[in-house]
Amino acid sequence: MTRTFTILLVTLSLALTQAACSAYKLGGPKPTFSTIEISPVRNSTTRPGMHLSLEQKLRESFLSDPRLKVGAGDAKLETEVAEYTHNGLTTSSVDAYTYTSYNIVIKVRCTLTTQNGQKVLFKNREFTASATLQTQSDGASEERSIAPGIFTDIAAQIREAATTAW
């Protein structure tokens with residue numbers, strides 16, 4: 001009796017699990033578009049070259065999504081590097097002028113449209129990421145090397161927002 005009940009319980013549990021997972025699709029729900037055009041990224045900051053790194057990370061991020069193709073088509077993404085801040089971090093009041101750690105924050109603004117610009121999925125939506133930089137020797141080159149990691153995070157945020165079911 002106990003063995004029969006256990007087998008019945010396991011069978012029922014497997015059936016419920018299979019039914020619950022049958023709607024799952026790898027990569028999430030299908031976006032409303034299958035091709036996205038990534039316009040050249042604009043840079044409104046005083047830091048040169050920021051737009052090139054972001055554009056590369058956006059392309060990599062969207063190309064990694066098997067549901068989408070990158071190129072002219074259904075949707076258009078317009079992006080602008082809107083803000084770059086570099087703030088010194090200190091742990092005591094006596095070292096305020098000799099920073100060795102910095103908080104780097106990059107803010108990006110995006111607009112995503114479909115149907116040849118007729119339908120706006122989001123407009124001037126802001127995406128932000130930050131990182132802490134602890135300089136060792138050449139602070140300027142170390143600061144330039146941290147931007148790709150921040151842009152990877154921002155590109156993932158943008159892809160997630162763009163591919164969420166509308």
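**Strand pairing and burial in a predicted model**

Trainee: Which residue in E5 is the bridge partner of Leu89?

Mentor: In E5, Leu89 has Ser101 as its bridge partner. This is a predicted model, in which local features need pLDDT of at least 70 and side-chain atom pairs count only at pLDDT 80 or more, while totals for chains, interfaces and linings use all residues. Residues are numbered from 1 along each chain as its sequence is written, and side-chain values use heavy atoms, with hydrogens and water left out.

Trainee: What is counted as a helix or a strand in the protein?

Mentor: Both are DSSP runs numbered from the N terminus, helices being H or I with at least four residues and strands being E with at least two. On that basis the protein has three helices and six strands, and along the sequence they follow the pattern α-β-β-α-β-β-β-β-α.

Trainee: Why is Ser39 called buried?

Mentor: Buried means under 20% relative accessible area, exposed over 50%, and partly exposed in between (1.4 Å probe, protein chains only); Ser39 has 9% relative accessibility, and therefore counts as buried. Ser39 is found in the loop between E1 and E2, and, with contact meaning heavy atoms within 4.5 Å, Ser39 touches Lys76, Leu77 and Glu78, not counting residues up to four places away in sequence.

Trainee: Why is E5 described as largely enclosed by the rest of the structure?

Mentor: The description holds because 12 of the 14 residues of E5 are buried. For the protein, buried residues make up 33% of the 166 residues.

Trainee: What share of the contacts in the protein with a separation of 6 or more comes from residues 24 or more positions apart?

Mentor: Such residues account for 68% of those contacts.

Key:
Pairing = 2+ DSSP bridges.
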